[in-house]
Amino acid sequence: MIFDDGSLLAATLTAVMVILTISLFCSLIRLIIGPTLPDRVVALDQFATMVVGVIAVYSIASQSPAMLRSAIVLALVSFLGTVAFARYTEKRGTR
Amino acid sequence: MREILTVALLLIGTMFMLVGAIGILRMPDLLSRMQATTKSMTLGAVGLLLAVAVHFDQVGVTFRTVLVIAFYFLTAPIAAHMIGRAAYFTGVPLWSGTLFDELSGKYDPSAHTLDSFEPVSSDDSSAAADTPETP
């Protein structure tokens with residue numbers, strides 16, 4: 001891990017990780033609060049996209065590009081989950 | 001040089017992601033929150049993935065990151081459209097400051113179709129002739 005290098009890239013990676021964690025918490029708050037179901041679906045989609053960003057930053061920090069395959073899979077599965085939620089919401093009707 | 005480019009792309013991507021996260025907290029309406037998600041988050045993920053591609057400088061890694069970016073550009077509009085349509089048709093409350101609702105009288109609430117939509121149907125022919133006519 002190159003977090004302790006002291007170089008500019010290491011400091012940037014630390015700051016980026018902190019900011020991404022704060023963003024994850026924001027999305028989590030909307031997931032808990034969100035008054036309707038589509039609010040929560042949108043927050044979950046955003047959460048998955050941010051996790052893909054975290055995977056990208058982690059793969060820079062650990063100097064190994066092996067985790068990018070899981071980023072591809074996560075993007076695919078989150079899209080499918082969002083589409084499934086949307087169809088379920090539309091079929092369920094007004095509530 | 002590569003390190004400076006990586007740092008710049010990382011910071012740009014993170015700023016877009018932070019803007020998207022603040023947007024989903026502070027926007028008053030579901031349809032506005034969706035703007036923060038799809039537009040801002042997609043650009044943030046693109047920035048971070050481009051930083052990975054620049055940092056590693058290998059063909060396999062660049063190919064995989066470009067694949068994820070292309071996938072995001074293809075599927076984020078589809079997902080946003082489907083959720084927006086499902087939320088609108090099931091009656092999600094719009095923001096109180098909405099000026100006018102362009103779709104308000106123009107759709108069929110039980111079949112979830114617009115009034116200008118005409119299904120391709122055979123009017124009085126037999127059941128054997130069921131090839132749809134394209135208008």
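Is B:Arg85 buried, exposed or partly exposed, and what is its relative accessibility? B:Arg85 counts as partly exposed, at 34% relative accessibility. For that label, buried means under 20% relative accessible area, exposed means over 50%, and partly exposed is in between, with a 1.4 Å probe and protein chains only.

Okay, some housekeeping. This is a predicted model, so to speak of a local feature we need pLDDT of at least 70, and side-chain atom pairs count only at pLDDT 80 or more, while totals for chains, interfaces and linings use all residues. Residues are numbered from 1 along each chain as its sequence is written, chains are lettered from A and ligands numbered from 1 in the order in which they are written, and side-chain values use heavy atoms, with hydrogens and water left out.

Let's start with chain B. Its secondary structure comes to three helices and two strands, and from the N terminus on the order is α-α-α-β-β. Helices here are DSSP runs of H or I with at least four residues, strands are runs of E with at least two, and both are numbered from the N terminus. Chain B has 135 residues, and buried ones make up 41% of them. The chain exposes about 8,200 Å², and carbon and sulfur atoms supply 65% of that; these accessible areas come from the Shrake-Rupley method with a 1.4 Å probe, and for residues only the protein chains shown count as cover. Now take contacts in chain B between residues at least 6 apart in sequence: 52% of them join residues at least 24 apart. Contact, by the way, means heavy atoms within 4.5 Å.

Next, the interface. On chain B, 47 residues are in contact with 46 residues of chain A. Between them the two chains bury about 4,200 Å², 78% of it on carbon and sulfur atoms. Buried area is the accessible area, again with a 1.4 Å probe, that two parts lose on being put together, summed over both.

How many residue pairs are in polar contact across the interface of chain B and chain A? The rule finds five, both residues being at pLDDT 80 or more. A polar contact is a pair of N or O atoms within 3.5 Å; within protein, one must be able to donate a hydrogen and the other to accept it, and residues adjacent in sequence count only if both atoms are side-chain atoms. On the side of chain B that touches chain A, α1 (2-26), α2 (30-56) and α3 (59-89) each supply at least two residues. The largest share, 16 residues, comes from α3(B). Sorted by class, that side has 33 nonpolar, 10 polar and four charged residues. In that sorting, Ala, Val, Leu, Ile, Met, Phe, Trp, Tyr, Cys and Pro are nonpolar, Asp, Glu, Lys and Arg are charged, and the others, Gly among them, are polar.

On to salt bridges, where a side-chain nitrogen of Lys or Arg is within 4 Å of a carboxyl oxygen of Asp or Glu. Over all chains the count comes to three, and two are found across the interface of chain B and chain A.

One of these joins the side chains of A:Asp39 and B:Arg33, at 2.6 Å from N to O. The pair crosses between chains, from helix α2 (residues 37-61) of chain A to helix α2 of chain B.

Then we're back to B:Arg85. Its side chain meets that of A:Glu90 in a salt bridge, 3.4 Å from N to O. A:Glu90 is buried, with a relative accessible area of 17%.

Within chain B, B:Asp57 forms a salt bridge with B:Arg2, and the closest N and O atoms are 3.6 Å apart. B:Asp57 lies in the loop between α2 and α3 and B:Arg2 in helix α1, so the pair ties together parts that are 55 residues apart in sequence. B:Asp57 counts as exposed, at 55% relative accessibility, while B:Arg2 is partly exposed at 43%.

Two last residues. B:Phe100 sits in the loop between α3 and β1 (107-108) of chain B and is exposed, at 61% relative accessible area. A:Ser78, in helix α3 (residues 68-92) of chain A, counts as buried at 13%. Leaving aside neighbours within four places in sequence, A:Ser78 is in contact with A:Asp45 and A:Ala48.
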